[in-house]
Structure formats: C-alpha cells, structure tokens
Amino acid sequence: TLELDRRQRQMCIRDRSEGVAVEAPSLEGESNILKVMDLMLKAKNTEEKFKERIESEIRCLVEWCGGKTDITQYSKADLVDYVHSCLTYIPKNKTKFEVYEGKSLRKCVDLVKGDPEKYVPISHKTCVNRFVGIQTVFRYANTQLGLITLNPAAGISIPVVRAVAQESREFTANELSTIWTKIIPEAYNVVDKYAERYWSTILSLYHGFRQNEMCSLKVNDVYEDSDKVYVIRVQADLNVKGKSTKTNSSNRIVPVHPYVLNDLGFRKYFDSRNSEAGGDAMLFPNVTYVKGANFGKKVSAWFRNMKLAH
C-alpha cells in the first residue's frame, strides 16, 4: 500500500478543471499518524460520519501527547495515560457548550476533574466507543502497513470507576440565588426574542414543571377556571408528537402563582400570545419538536450554557 502510494505521488495527475498536468501533492512522513489514519479510512471505505469521529479521536490523542505525530513513537505508556488521564474526563457534548470554546483539551479535562457535577464527563460506553477508533488506526499501522511491530493500543481497558456526576439532586440555595439574580435577568433582556428562556425558567421555579412539560405547552393549556383562577394544564396529547408527561400521574392542573401571574407579568404575556396566535398555537413560538429531545432541546442547551458560565 505504501509503495503504491509513493508511485502515485511521483506520477502526474490531470487537473480536470484546468486541463493541464500537475504534480500530485506530497504527504510527508509515512509514519505520520494522520496519514496512517487516512490510509486506513480509505482502505475500509469508512462512512463520512465515522471518518469525522475517528479523526477527532486521533487529534485529541495527538494534542494530549504534546503534538506527537509519528505513530512509531507512541508507547504503551502514552496510550494508558491518555485513557486514564484524558479520555475518561473529556466533557460530554464538548463542542456544544460555549464554556469549552477556545479552551485546550487539558483545560477542559481539568474542569471536569475539578467539578464533575458541573462539567459532566462522557459516559463509560462513549469512552469505549471512542477508543475503538484509536485502536483501529494503530492496528492498521501494525498489521497492514508494518510500521510498528507491536500495537501499543491493544489490551488497554477503560476504567469504570472515575469522577462522575450525581444522577440528580436539588439546586442548592446558592445555585437558586444565582439563577434568580443572574440567569433570569439575562433571559429577561432577550424576552421579546426568546420568551421561552425567561418564562420556562420562571414557571418551572415556581411550579416544579419538567422541561418538556413547559416547552410543549399550547396557548389553550393556560386558562381561567370556574373559580376565576388562572391555571396551567399539563397533559400528554397523543395527537401531538413529543407532547408527553413522565407518568399518567404527571397529568395535572396547576394554579399559576399570583406573583408570577401579576407582578412578573405572565398574564400579560399569555393575553398577548392568545390574541396574536390563538389557542391552538404553541405558548412559546420558538420551540419546535426535535426527535429524541422533544420540545426542550434549545432551552436545555441555553440553560446549561448559562449554568456553566455562572
């Protein structure tokens, strides 16, 4: 494979757009780990989504190991250190949250190690799946290219015991204070554009609603009952995809807190939305159903970014 690749680079290829012969570009270093990865992906005709995933893993390994690109220079100790010190502490959904943007891999890992409840790491299963890509590249370098006599990535297991976040817990008094004094005011600043950010947070704080319960509300789920009390009806609807509750007992009617209704202005927002869009419209016009995440995906991503930032 390597000899064939050398010959191809020595030959001239025809640039179809220009109609002239040009020299094929040279990729230096047959033992460059990215070159090996590229050869492996082409040989296996790997799907694009898996190509991106494996390349991401290899680049993380290279960054963690100080930019080492020569695959023949990697030792078993390098791979063990990567697995135990880095891979198991990579943040979950690292590319989706602003708090990690622009930070080095080591800085992101340090955040997780310092507070795994706030900066949640990827799961054990994800660790295993991610390391498989690295093992595949090293195995190809060993068995197909003969660049290394032993595969240093072979036989390394992913530790199960590591820093993990608690499954669930209540907000502390300090966290609730932060939500009230920092996150909610920032949401209010853009309430005209993102009403769901402000009102879903306020309504959930005062009434204990779950995220999807809040985001899937329609305008007609808010109404004045026979006792002249404004209420919110939380109820699954089989005719609306994603409008669901956790259990049957979660279907309920909840009175709107007077402070939320009058002092914070929820009644004014509801009246405006009802007049503008009608009862069958979504209470929050920006929210849409997302397969696998129901109606709360965008609000969830926003709230988590805000929580991490504060």
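K182 counts as partly exposed, at 41% relative accessibility. In this predicted model, K182 has its place in helix α7, which covers residues 173-188. The C-alpha atoms of K182 and H310 lie 7.9 Å apart in space, although 128 residues separate the two in sequence.

**The chain as a whole**

The protein chain has 310 residues, and buried residues make up 40% of them. Its secondary structure comes to 12 helices and five strands. Among the contacts with a separation of 6 or more, 63% are between residues 24 or more positions apart. The accessible surface of the protein chain comes to about 18100 Å², and carbon and sulfur atoms hold 48% of that area.

**Residues of helix α4**

Helix α4 spans residues 76-86 and contains D78. With a relative accessible area of 18%, D78 is classed as buried because the limit for that class is under 20%. The side chains of D78 and K68 are joined by a polar contact of 2.7 Å. Apart from neighbours within four places in sequence, D78 is in contact with C65, K68 and Q73.

C86 also lies in helix α4. The relative accessible area of C86 is 0%, and the residue is buried. Leaving out residues within four places in sequence, the contacts of C86 are with W64, D81, L105 and V109. C86 and D110 are 24 residues apart along the chain, and their C-alpha atoms are separated by 9.1 Å.

**N305 in helix α12**

Helix α12, residues 297-309, holds N305. N305 is buried, its relative accessible area being 15%. A polar atom of the N305 side chain lies 3.0 Å from the backbone nitrogen of E98. With residues up to four places away in sequence not counted, N305 touches K96, F97, E98 and V99.

**Two asparagines with positive phi**

Most residues other than glycine have a negative phi. Phi of N45 is near 50 degrees, which is a positive value in a residue other than glycine. N45 lies in the loop between α2 (33-43) and α3, and N45 is exposed, with a relative accessible area of 65%.

N93 likewise has a positive phi, near 55 degrees. The place of N93 is in the loop between α4 and α5 (105-114). At a relative accessible area of 34%, N93 is partly exposed.

**The second largest pocket**

The second largest pocket has a volume of about 590 Å³. The elements giving two or more residues to its lining are α3 (48-64) and α6 (124-143). Of these, α3 provides the largest share of the lining, with six residues. The lining comprises 19 residues, and S56, E57, N93, K94 and R130 are those nearest the centre of the pocket. By residue class, the lining of this pocket divides into five nonpolar, six polar and eight charged residues.

**Enclosed cavities**

Rolling a probe the size of a water molecule over the atoms shows where empty space is left. The count comes to two cavities of 30 Å³ or more. Their volumes and the make-up of their linings are set out below.

| Cavity | Volume | Lining by class |
|---|---|---|
| Largest cavity | about 40 Å³ | three nonpolar, three polar, two charged |
| Second largest cavity | about 30 Å³ | three nonpolar, four polar, two charged |

The residues lining the largest cavity are N286, V287, T288, V290, F295, G296, K297 and K298. Among them, K297 and K298 fall within the residue range of helix α12, 297-309. The second largest cavity is lined by E213, S216, L217, V234, Q235, A236, K243, S244 and T245.

Technical notes. Residues are numbered from 1 along each chain as its sequence is written. This is a predicted model: local features need pLDDT of at least 70, side-chain atom pairs count only at pLDDT 80 or more; totals for chains, interfaces and linings use all residues. Side-chain values use heavy atoms; hydrogens and water are left out. On a 1 Å grid over the protein atoms alone, a cavity is a set of points where a 1.4 Å probe fits but cannot get out, and a pocket is an open set with protein on both sides within 12 Å along at least five of seven lines; lining residues have an atom within 4 Å of a point. Grid points are joined across faces, edges and corners, and a volume is the space filled by probe spheres set on the points. Ala, Val, Leu, Ile, Met, Phe, Trp, Tyr, Cys and Pro count as nonpolar, Asp, Glu, Lys and Arg as charged, and the others, Gly among them, as polar. Helices (H or I, at least four residues) and strands (E, at least two) are DSSP runs, numbered from the N terminus. Buried means under 20% relative accessible area, exposed over 50%, partly exposed in between (1.4 Å probe, protein chains only). A polar contact is a pair of N or O atoms within 3.5 Å; within protein, one must be able to donate a hydrogen and the other to accept it, and residues adjacent in sequence count only if both atoms are side-chain atoms. Contact means heavy atoms within 4.5 Å. Accessible areas come from the Shrake-Rupley method with a 1.4 Å probe; for residues, only the protein chains shown count as cover.
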